[in-house]
Amino acid sequence: MITLTLKEQPNVPLEAESISPDITAALSHDSICALPVYLGKRQRRLDDFFTVEGDASDEIQINGDARKVKWIGRGMTRGRIQVEGNAGMHLGAYMKGGTIDVSGNVTDWLGAEMTGGFIRIRGNAGGQVGAAYRGSASGMSDGTIIVDGTAGLEVGMRMKRGTIVIGGRVRDFAGLQMKGGTIVLGSGAELRTGAWMMRGTIVSLKPLPLLPTFAAAATYNPTFLRMYARHLRTLGVSLPFDERDGGYQRYTGDASVPGRGEILIWHAHDGATA
Amino acid sequence: MSTIRITGGTVYDPANGINGVVKDICIDGSRIVANVEGGRTIDATGTIVFPGGVDVHTHVAGGALNFARGLVPENQRAARKFLHGVNRRAGIGGMTPTTFATGYLYAGMGWTTVNEAAVPILSAKHTHEELHDTPIVDKSCLVLMANNEIVLDLIEAGEVERAQHVVAWLVWAAKVYGIKAVNPGGVAAWKWGKNASKLHESIAGYKTLTPAAIISSLAKIIEDLKLPHPLHLHCNNLGNPGNIATTIETMKVLEGRRAHLAHLQFHAYGGEDWPSMRSGAVEIADAFEKHPNLTTDAGAVLFGDAVTITADGPWQHMLHQLTGRKWGNLDVENETGCGIVPYVYRDRHTVNAVQWAVGLELLLLIKDPWRVYLTTDHPNGGCFWRYPEIIRLLMDKEFRKEQIKQLSENAQSRIVLGEIDREYTLFEIAIITSAGPARALGFSQKGQLGVGADADVTIYPAKATDDGMLFTYPRYVLKGGEIVVEEGEIRAVTEGKEFIFRPGYDEQIEEYIRPLFQRVYTMSFENYPVEIERVRGAEVITK
């Protein structure tokens, strides 16, 4: 286990893609201390900003308010990063495998264009969770992101596969131009959810304002959600599926593209708990 | 001035009829000379010595390319990075390299002269600025003329003589070397939401003007103005199945006049629609052989990512509808337009497979290498830094046949590439990459290693690298007598020249253009022409 404790808040964002299990796994203590990080255009050493303990491990623990530390775990393929505190933009971007667990909040581009792995945020996230970077054809193509708190704009923008679960309220354009995969919204979302979606599923446990280009299709309890719910339960997420508790209203769209995506909105029966 | 002797290399200098002779090349200053005493000696034993490559048709600078750079940030992220060094500026490679990286990449491959093929006058200042920032290589550029409304109005009115003065004035206003015609009339028609795919039908917005009239008038004007490079023509109906008819008809319209047909691959498709699309390379090559007044370049396609950039706005809209990829469209006032669509050529895609084959078929079926040159219409068919891949396909028929086997049977039934056994020799490669394009562009001092020529020399290892490529990593590249690449490393970054042609015209023509211009353009007439002081490294040619 390698422990990195933030000494002081950098005055401008610190680009620290060297904080990745793939890089630290085989490095001595001295080499980890000397890893390059970029403060603006200047190259600095990791130990200029962090107190480093431990060596040669693919488990990294980061302590402190690292909200200005960007690109942690970029492209990681294995191991674990535990953040006790906050983390900055692009956390776990392009990641292929392994686990990232954050006790506090993170900001934009969490898990952007990731292709595998698991990210768990106990606090809030920013916008563009699991999204495609500007210009790219597709966002996350596999893996799971779970955020207990809220999230910002364009959650899952152009995502292709994989699962995003947001417990708190989500802002506008969740699932924008989505191409596949699943987004679960525990507390609904603001405007234009699923705009331009081609395929994929957005599940909302709370009512949400729908675009006029989504058409009501049915109320049902799809079998696949039962399987999703079982899987998500192992990750600590509860998804209702039982027809005794309620049903999902299915809306298809976005007809303006035209797309074949779906938005499923849970409606509990009166008196049922979900 | 330093002197250099390159000794022991096997020299291929087709312009001087030298085919694989071991001889010394001597350089004094920036020129090749008969003999030198002392100075540096480069031991080129076991290598092949070529004149520096010349790209007759590429898009490396200016408004359209810069628009493309902005439109594809995802390519830039994935592209090769050039970090700044002692004598090198930072930049990125990829599909649409930055200016400095363009110079490093061309020189690093052994190419020393490039011709930027599409410059609207309105963005000529920008283009010259970018060309100045494209180091090492010498440059020239061509101005877009076949959709300029002032010129088209004159051609329609039959005032060809006045049109000639206007064209000459515009060439000098843009400070360019030659004239390019893109989809004659088609871009003007695009402003009405139409295209001009029939050569003898009148163009939208005009009463009697036809693409054929534009083509023949411009070809005549260019000959009368004695431009060193003939009409550089992007034919009508690019990219559409069955467009061989249009291309062959264009050759007939050009009967008796010189012209260069750009990226012929995109104009050589048979069939009637997309399901029946097939290679038309045999028909096009046959027709081309019968017209010795024409030269062409391949515009070959390589599988992988590309960005299509052209003034051919209607085609780009079509491509956007076909692919669903993002689309950029520019309207360049009364002169031209521009469209950008990123594209991926896939080997499992029948149309793409046919396109890949057609480029190679044209290079192999046209017998005279002096008339067909190596290009990919960068970045439309693939990036210029992938030229070595095409050279390998041309030189090795076994490798070519293996590649054909990867294609679907459906695609294989639509091409003739598998039946062609021709293999290019090194001598022929030197023609299609250097001697031929230099001659077509009218650069007598380029593309050859004779006494008095510019000392642009590329020395390649004679043995292919592990990936089978022969021309990826030159051992030395000399540009204007300076060693710019040594052992695969950029050693010196020189500034290239820019060739500009000044045609003769009646100065009074400005008084004809001024009121027309002031009526329809958004900028003031005085700000329109590029001042010669703006073009750094300019070498003005007059005839």
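**A covered helix in chain B**

I began with helix α13(B), and listed its buried residues: Tyr387(B), Pro388(B), Glu389(B), Ile390(B), Ile391(B), Arg392(B), Leu393(B) and Leu394(B). I kept in mind that this is a predicted model. The helix spans residues 387–395 of chain B and is mostly covered, with eight of its nine residues buried. Next I asked what the buried residues of α13(B) pack against. I found four helices of chain B: α3 (99–109), α12 (350–365), α14 (397–405) and α16 (426–441).

**A strand with neighbours**

I then turned to strand β18 of chain B, residues 294–297, and found both faces covered. Leu294(B) and Thr296(B) are buried on one side, Thr295(B) and Asp297(B) on the other. I noted that side chains in a regular strand alternate between the two faces of the sheet.

Strand β15(B), residues 259–261, runs parallel to β18(B) and is joined to it by three bridges. There, His260(B) has Thr295(B) as its bridge partner. Two bridges join β18(B) to β22(B), residues 372–373, and this pair is parallel too. Across from Asp297(B) I found Tyr373(B).

**A glycine in chain A**

My last stop was Gly64(A), in strand β6 (residues 59–66) of chain A. Is Gly64(A) buried or exposed? I marked Gly64(A) as buried because 20 other C-beta atoms lie within 10 Å, and 20 is enough for that label. Leaving aside neighbours within four places in sequence, Gly64(A) is in contact with Thr5(A), Leu6(A) and Gly85(A). I also checked Thr99(A): it sits 35 residues from Gly64(A) in sequence and 19 Å away in space, C-alpha to C-alpha.

Key:
Residues numbered from 1 in each chain as written. Chains lettered and ligands numbered in written order. Predicted model: local features only at pLDDT ≥ 70, side-chain atom pairs only at ≥ 80, totals over all residues. Buried ≥ 20, exposed ≤ 12 C-beta atoms within 10 Å, placed from the backbone. Pairing = 2+ DSSP bridges. Contact = placed C-beta atoms within 7 Å.
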